[in-house]
Amino acid sequence: MAKAKIVQINPEDNVVVAIAPIQQGDEIAVNGEIIVAAEDIPQGHKVAVRDIGENEQIVKYGVSIGHATENIKTGHWVHTHDMKTNLSGEVVYHYEPAVPAPKTMPTETFEGYVRPDGRVGIRNEIWIIPTVGCVNDCAKKLVEMNQNLVGGNIDGLYTFTHPFGCSQTGEDHKSTRRVLADLVRHPNAGAVLVLSLGCENLTHEQFLEELGEYDEQRVKFLTCQDVEDEFETGSAMLRELAEYAGRFHRETVGMDKLVIGMKCGGSDGLSGITANPIVGRVSDILVAQGGTSILTEVPEMFGAESMLMGRCVNREIFDKAAAMLNGFKDYFISHHEVVYDNPSPGNKEGGITTLEDKSCGCVQKGGKAAIMDVLSYAEPVHTKGLNLLYGPGNDLVSATNLTAAGCNLILFTTGRGTPFGAPAPTMKIATNDRLAERKANWIDFNAGPVASQGESVDEAGRRLFDLVKEIASGRKTRSEENGFREISIFKDGIVL
């Protein structure tokens, strides 16, 4: 019989995960005992290592990820056909502090662009921000017409189009205004042209109020209805902005100035074993050096709260985290949706069964540091260390949310692959060797050796941290090389 490659994440687990496909009859070694696979088990999927009775809890990561819907015999496949979630609605959370002691490390450096307000960018780009979808094509044409401005200290000229800025009300209107203003302030943008139509709901006055103080050399405004030729006027403004942005040069700065976002998408059964824990190590290293990391995707915290809540630095932050979690559950319920219907067909094919299963893997990206603050949607980060950010799990929405919060760089783990990029450089981290080899034009880092070659998570985390420093210092991500950059703004209400 062949010996199966598996991992038992926690000694208390009654399931293990197949690192490679298991064939019926393969031997599985667990805790010094040998069991025999009763059926074929796909890579990333779970296999029972003891008999599990109907309604008994399925334990992975040392916590329940659901319950058995039938009797499951040792060696059998555990998935959607024989287990279900335990999740329902709101939960009363109790603060049981288990705040880890802060760790410190010598602060390493990278080469970044120091802005007048003291923040640091890892790119020196010119951005065109449309305030309304009606001028999207004008923004695209201005980018196309003015590529001659790119070069030297100007790393790129980009626009981020969207369908909003008009016919919105209430919180949706506020969200659009907030996200766009956050992008204007982003430190990766050396200069910004704000492009408006002139008759949209998001008026110039509203935008100025949202933006607050700004440098008139760095930010310029163009209302297309107010000029005869928006392309001539816009090009002239872009030349002035390029002259300003060109004054910035890379200089050596500490990693304490870096802000990273952490995101997963197209996850599989290895996400919580390889890529996500590796990103968690990077987060812990950065925080220990005085830097900042942000974890979002609130629905993908449901069922994994025990791994997060005790780490809140004090009761105030715990209460904010509890309100964030239950607030998002209320959002689901108010739209007549169940809170546990989250894993996608691709997630399930990759071995993730329930939302708890997905969440326990997802939160590994948060490492082990204390949670210092909880941010509302698109709220700019203002506390160093690990932060939680309110927002959905949708890849484009959450990556935009992380950028708006101030992330210089996004670490995006994936088991199935995805090509998109946010305005901030978006590093794709493969959970498995096959994806890294097959989609090398998408993937920046392969976490697969943790499963396939026995590399430790600590070793891989150090390897990824070194790559983060290179990307922060100017090396392009695959998504940047491919020219993939876009935004998506969270929408909840009606369109007029």
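Helices here are DSSP runs of H or I with at least four residues, strands are runs of E with at least two, and both are numbered from the N terminus. Everything below comes from a predicted model, where local features need pLDDT of at least 70, side-chain atom pairs count only at pLDDT 80 or more, and totals for chains, interfaces and linings use all residues. Numbering starts from 1 along each chain as its sequence is written, and side-chain values use heavy atoms, with hydrogens and water left out.

**View A. Glutamate 297, in the loop between β18 (292-295) and α6 (315-334).** Glutamate 297 isn't a glycine, yet its phi is positive, at about 70°. Most residues other than glycine have a negative phi.

**View B. Asparagine 55, in the loop between β5 (46-48) and β6 (57-60).** Here's another non-glycine with a positive phi, this one about 75°. Asparagine 55 has 53% relative accessibility, so it counts as exposed.

**View C. Asparagine 14, in the loop between β1 (6-7) and β2 (15-18).** With 2% relative accessibility, asparagine 14 counts as buried. Leaving aside residues up to four places away in sequence, asparagine 14 touches Val47, Ala48, Val49, Arg50, Ile52, Glu56, Gln57, Ile58 and Val59; contact means heavy atoms within 4.5 Å.

**View D. Helix α5 (residues 275-288) packed against helix α12 (residues 457-472).** The angle is about 65° and the axes sit 8 Å apart; axes are lines fitted to C-alpha atoms over the stretch in contact, and angles run from 0 to 180 degrees between N-to-C directions. The α5–α12 crossing is right-handed, meaning that the near helix is turned clockwise from the far one by less than a right angle. On the α5 side, the residues include Pro277, Ile285 and Leu286, and they meet α12 residues including Val457, Leu464 and Phe465. The contact splits into 11 nonpolar, 1 polar and 2 charged residues (Ala, Val, Leu, Ile, Met, Phe, Trp, Tyr, Cys and Pro are nonpolar, Asp, Glu, Lys and Arg charged, the others, Gly among them, polar).

**View E. The largest cavity, with about 60 Å³ of space.** On a 1 Å grid over the protein atoms alone, a cavity is a set of points where a 1.4 Å probe fits but cannot get out, and lining residues have an atom within 4 Å of a point. Grid points are joined across faces, edges and corners, and the volume is the space filled by probe spheres set on them. Of its 13 lining residues, Asp268, Ser271, Gly272, Ile352 and Gly361 are closest to the centre. Helix α8 (residues 355-362) gives the largest share of the lining, 4 residues.

How values were computed
On a 1 Å grid over the protein atoms alone, a cavity is a set of points where a 1.4 Å probe fits but cannot get out, and a pocket is an open set with protein on both sides within 12 Å along at least five of seven lines; lining residues have an atom within 4 Å of a point. Buried means under 20% relative accessible area, exposed over 50%, partly exposed in between (1.4 Å probe, protein chains only).
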